[in-house]
Amino acid sequence: MALLLAHAAYPVRHRPVPTVSTVKPRTQGTLHAPSRYLAARRITHCLKTEEASVDKGKEQRTVLALQQRVQQFCRTAAVLSAATIIATGAVLPSMPPPSYAITDENLLYLEAWRAVDKAYVDKTFNGQAWFRVKEKTLKNVRMDDRDETYDVIRAMLASLNDPFTRFLEPSKYANLMGGTQGSVTGVGVEVGFEDNGKGKTQMVVVAPSANGPAETAGIAPGDKLIAIDGVKTETMGLYDAASALQGPEGSTVVVSTQHLNSKEIVDYPMTRQSIDIVPVSTTMCAAPDGSGGVSKVGMIRLTTFNSNSADAVRRALTDLKAQGAKAFVMDVRNNGGGLFPAGVKISKMFYDKGTIVYIADDAGVRDVYEADGSAIAKTEPLLLVVNRGTASASEVMAGALSDNNRATIAGERTFGKGLIQTIIPLSDGSAVVVTVARYQTPNGVDINKIGITPDWSVDPATLPTDKEGLCNAVLSLKQAPSFFGDTLKP
């Protein structure tokens, strides 16, 4: 009897009824296949044990009592098995799946997650199941306060392996928006990332602001940014570096750089100052016209693309034309870009018909920006002066003017930042900057990490930074007579 009970009880003892947390949802009333199978085994095993016991005990008078006990036990086991099937196959699945409370910190994380989910250019999310990233984070990662939530958002964005997709705390977001509106306090330098040829990126100077502390100290486009106040930049994101470079007016910071093609690291102590970003300045160049007189060439210096840039360029073109300018030189050296719409608006001022830029993602071209007939300087010769500090929105404009045969490009190869980011504010005043697309020039060229090659390759050392000096240098180039042509004739 003890042996029979042990055999019969084995499945029950080693097969406990599942709890809610271990049951997967399934259709109401449907018997789970493994449960049916195990129940059948229990009943069959019990009946076979009964038959064997009867065969061996025919001679014994006690077999009848034993058989009755075995049958009673089998019926009890069958009932228990059926009850288990019902409980696991019909009753429990009707219960809702496990849930967890959503806190305010979770909601902020979800805002950031949804921003990336909706807008990010790479829909493989760097080879990740993006929905699972969210689910695992909410279930397994603590977000008890705002700092922890910010850390979780940073880690999520870092998993994309995209240095331009990043998180901005409220203070950094406010600083960024201040910079696009026209002023900033710091050393006046824009930074970016460049491939170091070893499979990693190096933080470099894209462009120093005109007459700012960085330019005055001797920092140039293409310099490697090694450290800020002794903290190595290899551990920083772009906005960590920007935050470290900015600070109260009159405070000091030491910037360590390595000049292009040099192995020496140089420390530059600087005093932060308020830098008013004036996007446009102009002058009139007096060019000899070949008959003892002069012809006028309008010079426009465009330093950034902010909310004021397009209107300022329009005023400059109108004023210079009113003063008799017959051609234009636009200097966008060290213009690291800024607001993409400003680049599109300025491009439209120079031709009436044609493509300005394609916006593409992994699925192909998704948007096209076209000229709209609003040009105000569509026939005058236009020379665009560029260098390694010409990037982003500046390259959009340069590519548009070059591919539409509206301008000639002079200088050196541009930086090669062909990615578009959008800034998505979050409810607590922070924001995420998300790469949403890539630029393609009207000829379909992806300029990211490649840049734009000038029509005239000119040693940047021969082109002065002041407008008057640049006028003389440009007009003295050997290509100038054929380029400006009849413009410089009486």
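Thr 233 touches Gln 202, Met 203, Leu 225, Ile 226, Ala 227 and Ile 228, with residues up to four places away in sequence left out; contact means heavy atoms within 4.5 Å. Thr 233 is placed in the loop between strand E6 (231–232) and helix H9 (238–245). Helices (H or I, at least four residues) and strands (E, at least two) are DSSP runs, numbered from the N terminus. Thr 233 is buried, at 4% relative accessible area. Buried means under 20% relative accessible area, exposed over 50%, and partly exposed in between (1.4 Å probe, protein chains only).

The model is predicted: local features need pLDDT of at least 70, side-chain atom pairs count only at pLDDT 80 or more, and totals for chains, interfaces and linings use all residues. Residues are numbered from 1 along each chain as its sequence is written, and side-chain values use heavy atoms, with hydrogens and water left out.

The protein chain holds 14 helices and 19 strands. It has 490 residues, of which 45% count as buried. Among contacts with a separation of 6 or more, 70% join residues 24 or more positions apart. The accessible surface is about 24,900 Å², and carbon and sulfur atoms account for 53% of it. Areas come from the Shrake-Rupley method with a 1.4 Å probe; for residues, only the protein chains shown count as cover.

Helix H4 spans residues 104–119. Its 16 residues reach 23 Å from first C-alpha to last, close to the expected 22 Å. The expected span is 1.5 Å times one less than the number of residues. Buried positions in H4 include Glu 105, Tyr 109, Trp 113 and Val 116. The buried residues of H4 pack against helices H5 (130–140) and H6 (146–158), and against strands E17 (419–425) and E18 (431–440).

The largest nonpolar core has 68 residues. Such a core is a set of buried Ala, Val, Leu, Ile, Met, Phe, Trp, Tyr and Cys residues joined through side-chain atoms within 4.5 Å. Tyr 109, Met 330 and Phe 350 touch the most other members. H4 gives the most to this core, with eight residues. Apart from it lies another core, of 20 residues, among them Cys 285, Val 297, Ala 410 and Phe 484. Beyond its neighbours within four places in sequence, Tyr 109 has contacts that include Val 133, Lys 134, Leu 138, Ile 153 and Met 156.

The structure holds seven aromatic pairs. Rings of Phe, Tyr and Trp (its six-membered ring) pair if their centres lie within 6.5 Å; planes under 30 degrees apart count as stacked, over 60 as edge-to-face and the rest as tilted. Trp 113 and Trp 130 are stacked, at 6.4 Å centre to centre and 10 degrees between the planes. This pair links Trp 113 in H4 to Trp 130 in H5, 17 residues apart. Trp 113 is buried at 7% relative accessible area, and Trp 130 at 3%. Tyr 150 and Phe 167 form a tilted pair, at 4.8 Å and 50 degrees. Tyr 150 lies in H6 and Phe 167 in strand E1 (residues 166–168), so the pair ties together parts 17 residues apart in sequence. Ring pairs also link Trp 113, Tyr 120, Phe 125 and Trp 130 into a cluster.

Lys 134 lies over the face of Trp 113, 4.6 Å from the ring centre. The charged end of Lys 417 sits over the ring of Phe 164, at 5.0 Å from its centre. The criterion is NZ of Lys or CZ of Arg within 6 Å of the ring centre and within 35 degrees of the ring normal.
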